[in-house]
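Welcome, and thanks for taking a look.

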Amino acid sequence: METTGKKTGWLLLCGAALTLCVLLQYLCPQILFWGAWLYEKIKLGAADAALLQNNVYAWYTGHALWAAALYHIVGAAAFGFWYKALRRGGAFVPVKQTFRLQTVCAVLLTGVGLQFLLSCVLQMIYLAAPQLLQGYNQMMENTGIGDVSALSLAVTVIAAPLSEELLCRGVILHCAQKAAGRFWAANLIQAAAFGLIHMNWVQGLYAFVLGLVLGAFCHWHGSVFSSIALHAVINLSGLLLVDAVLGAVPAKVMWYLPLSLLFAAVCGWGLWLAAGARQPDKTNGPR
């Protein structure tokens, strides 16, 4: 049983992890920007300052996704080492044991169903009040996250799931469960943190919902690997499938409402399979 002082310490560790994440989100684009500035400065020499500035901004705007790549790579390394240190001496569920056939089916059904469900909800919001999503759509366009390329696939399907899961379902969920003592409370804490790190209200709200599901997978299967896999399927579905499927649907709420119910059923089926494939919890927190 953790004392009040220890519980406070675990909560402070949650805050420290979140602070480090925000700091990395700020520093990594700065490193990329000033690296581009230094390169252009050496190349142009004593050229006009306005030309230097224009060249740097033009290059950075066209390579904004590299900043996300750098952030996720550094984050995966930092939070991976941190999580490993927290789990030192704890039992780890083998990957082969985590990904049984039922779990794989649960990951695929839940990931695809949840991504399509949230996409349908966002589309209905856009049709009813497009101004609410204007900033979000502009952000997605500026960063190039929605464009399909080798880099966007690497960032959204590999790097982002690794770094964000090791942070939220790894470090924060582990520390929050030590502090709260109950999984449901710890899951709310890590899901809220997952929403906060996305830095805009649209992504923040649906990231909170995703975070609750990802946290449940991690808890049920006793491994952060299951939430990494689910996160990757969610992102891959959003990148490759959503536009291809929903792009053929007429832009009317009456079409998206039944589709939302359909994908909610698919997601529910996946969650039912996932809950049925849960591992016995022999330690406090995900392995």
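A charge counts as sitting over a ring if NZ of Lys or CZ of Arg is within 6 Å of the ring centre and within 35 degrees of the ring normal. With that in mind, R169 lies over the face of F194, at 4.2 Å from the ring centre. Please keep in mind that this is a predicted model.

**Aromatic rings**
- Seven aromatic pairs are found in the structure.
- One aromatic cluster is formed by F33, W34, W37, Y57 and Y60.
- Two members of that cluster, F33 and W37, are also among the α1 residues that meet α2.
- On the α2 side, Y57 and Y60 take part in that helix contact.

**Helices α1 and α2**
- Helix α1 covers residues 4–44 and helix α2 covers residues 49–62; they pack at an angle of about 135°, and their axes are 9 Å apart.
- Because of that angle, α1 is oblique to α2.
- The crossing of α1 past α2 is right-handed.
- From α1, the residues P29, L32, F33, A36, W37, E40, K41 and L44 meet L51, L52, N55, V56, Y57, W59 and Y60 in α2.
- Sorted by class, the residues of this contact of α1 with α2 are 12 nonpolar, one polar and two charged.

**Helices α9 and α10**
- Further along, helix α9 (residues 201–221) packs with helix α10 (residues 224–246) at an angle of about 145°, and the axes lie 7 Å apart.
- Here, too, you can look for the handedness: α9 passes α10 in a right-handed crossing.
- On the α9 side, the contact is made by L210, V213, L214, F217, C218 and H221, while α10 brings V224, S226, S227, L230, H231 and I234.
- The contact of α9 with α10 has eight nonpolar and four polar residues, and no charged ones.

**Helices α9 and α11**
- The axes of α9 and helix α11 (residues 253–276) cross at roughly 25° and come within 9 Å.
- That crossing angle is why α9 is described as roughly parallel to α11.
- V213, F217, W220 and H221 of α9 make this contact with L271, A274 and A275 of α11.
- By class, the contact of α9 with α11 holds six nonpolar residues, one polar residue and no charged residues.

**A backbone detail**
- Where can M199 be found? It is in the loop between α8 (183–196) and α9.
- M199 has a positive phi of about 65°, although M199 is not a glycine.

Conventions. Residues are numbered from 1 along each chain as its sequence is written. This is a predicted model: local features need pLDDT of at least 70, side-chain atom pairs count only at pLDDT 80 or more; totals for chains, interfaces and linings use all residues. Side-chain values use heavy atoms; hydrogens and water are left out. Rings of Phe, Tyr and Trp (its six-membered ring) pair if their centres lie within 6.5 Å; planes under 30 degrees apart count as stacked, over 60 as edge-to-face and the rest as tilted. Axes are lines fitted to C-alpha atoms, for helices over the stretch in contact, and angles run from 0 to 180 degrees between N-to-C directions. Helices (H or I, at least four residues) and strands (E, at least two) are DSSP runs, numbered from the N terminus. Angles under 35 degrees count as roughly parallel, over 145 as roughly antiparallel, 65 to 115 as roughly perpendicular and the rest as oblique. A crossing is left-handed if the near helix is turned anticlockwise from the far one by less than a right angle, and right-handed if clockwise. Contact means heavy atoms within 4.5 Å. Ala, Val, Leu, Ile, Met, Phe, Trp, Tyr, Cys and Pro count as nonpolar, Asp, Glu, Lys and Arg as charged, and the others, Gly among them, as polar.
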